[in-house]
Amino acid sequence: MRLDGAYRLCDERFMREALAEARKAFEKDEVPVGAVVVKDGVVIGRGHNLRETLNDPTAHAEIVALREAAGRIGSWRLEGTTVYVTLEPCPMCAGALVLARVERLVFGAYDPKAGAVVSLMGILSDERLNHQVEFVGGVLAQESLKLLRGFFRKRR
């Protein structure tokens with residue numbers, strides 16, 4: 001389900017943490033996307049894109065952060081967590097959020113080419129799946145877009 005309207009103040013705080021992760025990706029010449037997993041107000045997982053670094057097509061920021069969070073708590077079930085990511089998740093990452101039983105997603109920029117939350121499809125709210133994830137988009141979107149545009153401008 002989508003959460004419209006005003007978002008929680010802490011969403012900006014944790015989105016800034018995700019933006020810091022995105023900057024790490026930028027410095028490694030990776031597409032600058034960052035993510036953090038939060039439970040009870042504490043970051044339990046961090047990640048940024050590492051596809052080029054690891055030669056791993058699944059090393060998206062969300063997957064890296066989910067793996068760290070699951071390792072930290074000792075369970076793949078990430079119930080009661082919120083994932084903050086700077087870009088709307090792709091189908092793989094949206095599916096991983098559902099499978100991990102994440103409670104809530106907060107993302108920055110919308111992704112009209114690959115976004116699987118609202119832009120191309122609605123994986124998180126598909127009632128045919130065994131779990132749905134609440135979400136809100138557009139949090140600090142301009143900061144996320146600025147990083148992405150700067151990265152692709154640099155590559156051209």
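Biologist: At what angle do helix α1 and helix α5 pack, and how far apart are their axes?

Modeller: Bear in mind that this is a predicted model. Helix α1 covers residues 9-27 and helix α5 covers residues 141-155. Their packing angle is about 5 degrees, and the axes are 10 Å apart.

Biologist: Are α1 and α5 roughly parallel or roughly antiparallel to each other?

Modeller: Angles under 35 degrees count as roughly parallel. The angle between α1 and α5 is about 5 degrees. The two helices are therefore roughly parallel.

Biologist: Which residues of α1 and α5 make the contact?

Modeller: The α5 side supplies E143, S144, L147, G150, F151 and K154. The α1 side supplies R16, L19, A22, R23 and F26.

Biologist: Which residue lies over the face of F26?

Modeller: F26 belongs to the α1 side of the helix contact, and K154 to the α5 side. The distance to the ring centre of F26 is 4.5 Å. The residue over that face is K154.

Biologist: How many aromatic pairs does a search of the whole structure find, and why is the pair of F107 and Y110 edge-to-face?

Modeller: The search finds four aromatic pairs. For F107 and Y110, the ring centres are 5.0 Å apart. Planes over 60 degrees apart count as edge-to-face. The F107 and Y110 planes stand at 80 degrees, so their pair is edge-to-face.

Biologist: Is F107 buried or exposed?

Modeller: The cut-off for buried is under 20% relative accessible area. F107 has 0%, so F107 is buried.

Biologist: Which side chain has a polar contact with R104?

Modeller: R104 lies in strand β4, residues 104-109. At 4% relative accessibility, R104 is buried. A polar contact of 2.7 Å joins its side chain to that of D11.

Biologist: And which side chain has a polar contact with H48?

Modeller: H48 is in strand β2, residues 42-48. H48 is buried, at 9% relative accessibility. Residues it touches beyond four places in sequence include K24, A25, V33 and V64. The polar contact, at 2.9 Å, is with the side chain of E21.

Biologist: Which residues of helix α4 are buried, and what covers them?

Modeller: Helix α4 spans residues 91-99. Its buried residues are C93, A94, A96, L97 and V98. The cover includes α3, β3 and β4.

Biologist: Take L97: which residues is L97 in contact with, leaving aside neighbours within four places in sequence?

Modeller: L97 sits in helix α4. Its relative accessibility is 0%, so L97 counts as buried. The residues in contact are L66, V83, P89, V102, L105, L124, H131 and V133.

Biologist: How far apart in space are L97 and T82?

Modeller: In sequence, L97 and T82 are 15 residues apart. From C-alpha to C-alpha, the distance is 9.7 Å.

Biologist: Which residue just after α4 takes a positive phi?

Modeller: Helix α4 covers residues 91-99. The positive phi just after α4 is about 65 degrees. The residue is R101.

Technical notes:
Residues numbered from 1 in each chain as written. Predicted model: local features only at pLDDT ≥ 70, side-chain atom pairs only at ≥ 80, totals over all residues. Heavy atoms only, no water. Phe/Tyr/Trp six-rings, centres within 6.5 Å; stacked < 30°, edge-to-face > 60°. Buried < 20%, exposed > 50% of the residue type's maximum accessible area, 1.4 Å probe, protein only. Lys NZ or Arg CZ within 6 Å of the ring centre and 35° of its normal. Helix = DSSP H or I, 4+ residues; strand = E, 2+ residues; numbered from the N terminus. Polar contact = N/O pair within 3.5 Å; in protein donor to acceptor, adjacent residues only side chain to side chain. Axes fitted to C-alpha atoms, helices over the stretch in contact; angles between N-to-C directions. Parallel < 35°, antiparallel > 145°, perpendicular 65-115°, else oblique. Contact = heavy atoms within 4.5 Å.
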